[in-house]
Amino acid sequence: MEVQAILNNFRMSAQKVREVVRQVQGLRAVEALAVLKFVPRKSARAVAKTLASAIANAENNNQLNSSDLVVK
C-alpha cells in the first residue's frame, strides 16, 4: 500500500530538491528522517516535513506501523 503527502507552493527548483530526495530513497522512513535532520540544505527541511506528514498519514488513516515504512 502506498501512502503519500504532497508539499504545495514550495518555491525551489526540482533539481535542488531531487538532490536531497535521492539521498533518502530506499531507506526506512524513520532512518530517512534522521538523515534529513543533518543535511545542511533548505530543501532537506521541506522534504523532512513532507515525510513526517506521510508517516502521520500512514499511521492515522491506514493503521500502518511507522517502523515498516520505506521511502519510495
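Reader: Where is Q63 found?

Author: Q63 is found in the segment after helix 3. Helices here are DSSP runs of H or I with at least four residues, strands are runs of E with at least two, and both are numbered from the N terminus. This is a predicted model, in which local features need pLDDT of at least 70, side-chain atom pairs count only at pLDDT 80 or more, and totals for chains, interfaces and linings use all residues. Residues are numbered from 1 along each chain as its sequence is written, and side-chain values use heavy atoms, with hydrogens and water left out.

Reader: What is the average pLDDT of the chain?

Author: pLDDT is the predictor's confidence in each residue, from 0 to 100. The chain averages 93, and 100% of the residues score at least 70. Confidence is lowest in helix 3 (residues 42–62), with a mean of 93, and highest in helix 2 (residues 29–37), at 95.

Reader: Which residue has a positive phi although it is not a glycine?

Author: Q63 has a phi of about 55°. N9 is another non-glycine residue with a positive value, near 55°; N9 lies in the segment before helix 1.

Reader: Is N9 buried or exposed?

Author: Buried means under 20% relative accessible area, exposed means over 50%, and partly exposed is in between, for a 1.4 Å probe and protein chains only. N9 is exposed, with a relative accessible area of 79%. Q63 is exposed too, at 62%. P40, in the loop between helix 2 and helix 3, counts as exposed at 78% relative accessibility. The C-alpha atoms of P40 and L69 are separated by 24 Å, and the two residues are 29 apart along the chain.

Reader: Which residues of helix 2 are buried?

Author: They are A29, A32 and L36. Seen down the axis of helix 2, these buried residues fall within an arc of 55°, so they line one face of the helix. The arc is that of the directions from the helix axis to the C-beta atoms.

Reader: What do the buried residues of helix 2 pack against?

Author: Contact means heavy atoms within 4.5 Å. The buried residues of helix 2 pack against helix 1 (14–24) and helix 3.

Reader: Which residues does T50 touch?

Author: Not counting residues up to four places away in sequence, T50 touches A5, I6 and L7. T50 is in helix 3 and is buried, with a relative accessible area of 18%. A5 belongs to the segment before helix 1 and is partly exposed at 23%. With the same exclusion of residues up to four places away, A5 touches T50, S53, A54 and N57. The C-alpha atoms of A5 and A54, 49 residues apart along the chain, are separated by 4.9 Å.

Reader: How many residues line the largest pocket?

Author: On a 1 Å grid over the protein atoms alone, a pocket is an open set of points where a 1.4 Å probe fits, with protein on both sides within 12 Å along at least five of seven lines; lining residues have an atom within 4 Å of a point. About 810 Å³ of space lies in the largest pocket. It has 29 lining residues, and the closest to its centre are V3, L51, A54, V71 and K72. Helix 3 supplies the largest share of the lining, seven residues.

Definitions and conventions:
Points joined across faces, edges and corners; volume = space filled by probe spheres on them.
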